[in-house]
Amino acid sequence: MAGITNAAYRRLCLEQATAQGGSSLFVCEMITSRGLVEGDATTKSMLTFDELETVRSVQLYGTDPAYVGKATEILCADYGVGHVDLNFGCPVPKVTRKGGGAALPWKRNLLGEILTAAVSAAARYDVPVTMKTRLGIDPEHLTYLDAGRIAEESGAAAIALHGRTAIQGYSGTADWEPIAALVDHVGIPVLGNGDIWEAGDALRMVAETGVAGVVVGRGCLGRPWLFRDLAAAFEGDEVLVLPNLGEVATMMYRHAELLGVHMGEERGCKEFRKHISWYLRGFGAGGELRHALALVSSLAELEKLLAELDPDEPFPQAILGAPRGRQGSARKRVVLPDGWLDDMDGSGLEMFEDADEISGG
Ligand SMILES: Cc1cc2nc3c(=O)[nH]c(=O)nc-3n(C[C@H](O)[C@H](O)[C@H](O)COP(=O)(O)O)c2cc1C
């Protein structure tokens with residue numbers, strides 16, 4: 001997740017999952033293929049990994065097979081990446097306007113060309129390529145079944161499906177029925193995504209759809225221990241970890257500390273600020289203290305402020321299963337390039353390849 005899953009947060013989540021003996025894959029924030037090929041400094045700085053990450057997993061954005069192929073090659077050859085995921089799910093207008101993200105699978109042949117370019121570059125390093133997508137552009141322009149078939153034909157190792165269309169953004173509830181339909185439609189593993197808020201949701205998704213695994217998005221915001229719960233649940237132990245406020249505070253400090261390791265203390269503390277309300281959601285911490293925490297600029301200050309929280313306050317059960325993070329409302333329309341929906345082919349289409357880092361999926 002853009003702006004969230006940097007090396008520090010991936011490490012924190014990994015610590016939680018491995019404490020329970022679980023095996024999860026934590027994907028680096030999305031980077032653009034052109035940014036990487038042209039050696040853009042921001043892109044390169046995002047390719048930072050923690051020493052605990054035994055499999056380096058990166059999500060690439062791209063619309064041009066040549067750039068995506070070259071970027072995949074660079075990831076495998078120069079960054080020791082062991083898994084490449086391709087983003088075809090981003091719904092933001094800046095991206096779909098250029099035919100990228102969730103708009104791209106409409107052009108079936110172009111999708112195949114991009115996947116093939118990535119798969120053949122990665123195959124030289126024995127690295128699996130997966131793709132992540134949405135149901136389609138809107139209910140009248142669904143793409144997921146064709147995308148699954150094309151992913152399989154192109155040699156992708158798996159496909160992750162978010163049960164919303166681009167026009168839905170992050171609003172409403174994800175539809176899991178199409179995820180089950182995709183499982184029936186393809187021979188490669190399908191990973192289901194959308195509204196996994198608790199470990200029980202993951203078990204329910206597996207039971208209802210037959211997916212080989214789940215992809216967690218907003219459910220992990222301020223809750224790295226969700227991965228401990230997930231690991232336990234998949235082992236058949238459904239007991240939830242419900243940390244009290246003292247344990248949450250310890251986790252918060254650890255998060256900020258790891259951010260400091262990876263980006264320096266001051267930047268790390270600034271970066272940590274946006275996570276505070278997610279961690280404290282539902283707890284009784286007072287407004288003044290929350291405000292002071294949201295301005296924290298050193299680990300010593302953070303420690304002092306966290307000590308003011310009541311360590312014995314129990315976890316607020318009322319927020320279990322509740323959505324968190326961005327939701328918003330459905331869009332009026334998905335912004336697309338002129339005439340984008342007129343044909344479904346797109347092979348050899350001259351696409352503008354974005355170099356800027358973009359956010360969302
Ligand atoms: C802040 C934020 C950043 C995201 N960034 C990405 C991204 O870079 N790549 C991606 O595939 N999905 C991204 N997503 C989408 C999530 O991975 C996920 O598909 C979506 O939120 C639905 O799952 P959920 O209901 O479990 O949150 C992002 C979501 C949020 C809220």
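1. Which polar side-chain atom lies 2.6 Å from an oxygen atom of the ligand? In this predicted model, that atom belongs to Arg 218. The protein as a whole covers 95% of the 610 Å² of accessible area that the ligand has on its own.

2. The backbone also takes part in the ligand site: a backbone N or O atom of Ala 2 lies 3.0 Å from a nitrogen atom of the ligand, while a polar backbone atom of Gly 217 is 3.2 Å from an oxygen atom of the ligand.

3. The ligand has 18 residues around it, and those that come nearest are Gln 59, Lys 132, Asn 193, Asp 195 and Arg 218. Sorted by class, this shell is made up of eight polar, five nonpolar and five charged residues.

4. Turning to helix H1, which runs over residues 7-19, I note that its 13 residues reach 18 Å from the first C-alpha to the last, close to the 18 Å expected at 1.5 Å a residue. After H1 comes Gly 21, whose phi is positive, near 75°.

5. H1 is mostly covered, with ten of its 13 residues buried; among them are Tyr 9, Arg 10, Arg 11, Leu 12 and Gln 16.

Methods. Residues are numbered from 1 along each chain as its sequence is written. This is a predicted model: local features need pLDDT of at least 70, side-chain atom pairs count only at pLDDT 80 or more; totals for chains, interfaces and linings use all residues. Side-chain values use heavy atoms; hydrogens and water are left out. A residue is near a molecule or strand if one of its heavy atoms lies within 4 Å of it. A polar contact is a pair of N or O atoms within 3.5 Å; within protein, one must be able to donate a hydrogen and the other to accept it, and residues adjacent in sequence count only if both atoms are side-chain atoms. Accessible areas come from the Shrake-Rupley method with a 1.4 Å probe; for residues, only the protein chains shown count as cover. Ala, Val, Leu, Ile, Met, Phe, Trp, Tyr, Cys and Pro count as nonpolar, Asp, Glu, Lys and Arg as charged, and the others, Gly among them, as polar. Helices (H or I, at least four residues) and strands (E, at least two) are DSSP runs, numbered from the N terminus. The expected span of a helix is 1.5 Å times one less than its number of residues. Buried means under 20% relative accessible area, exposed over 50%, partly exposed in between (1.4 Å probe, protein chains only).
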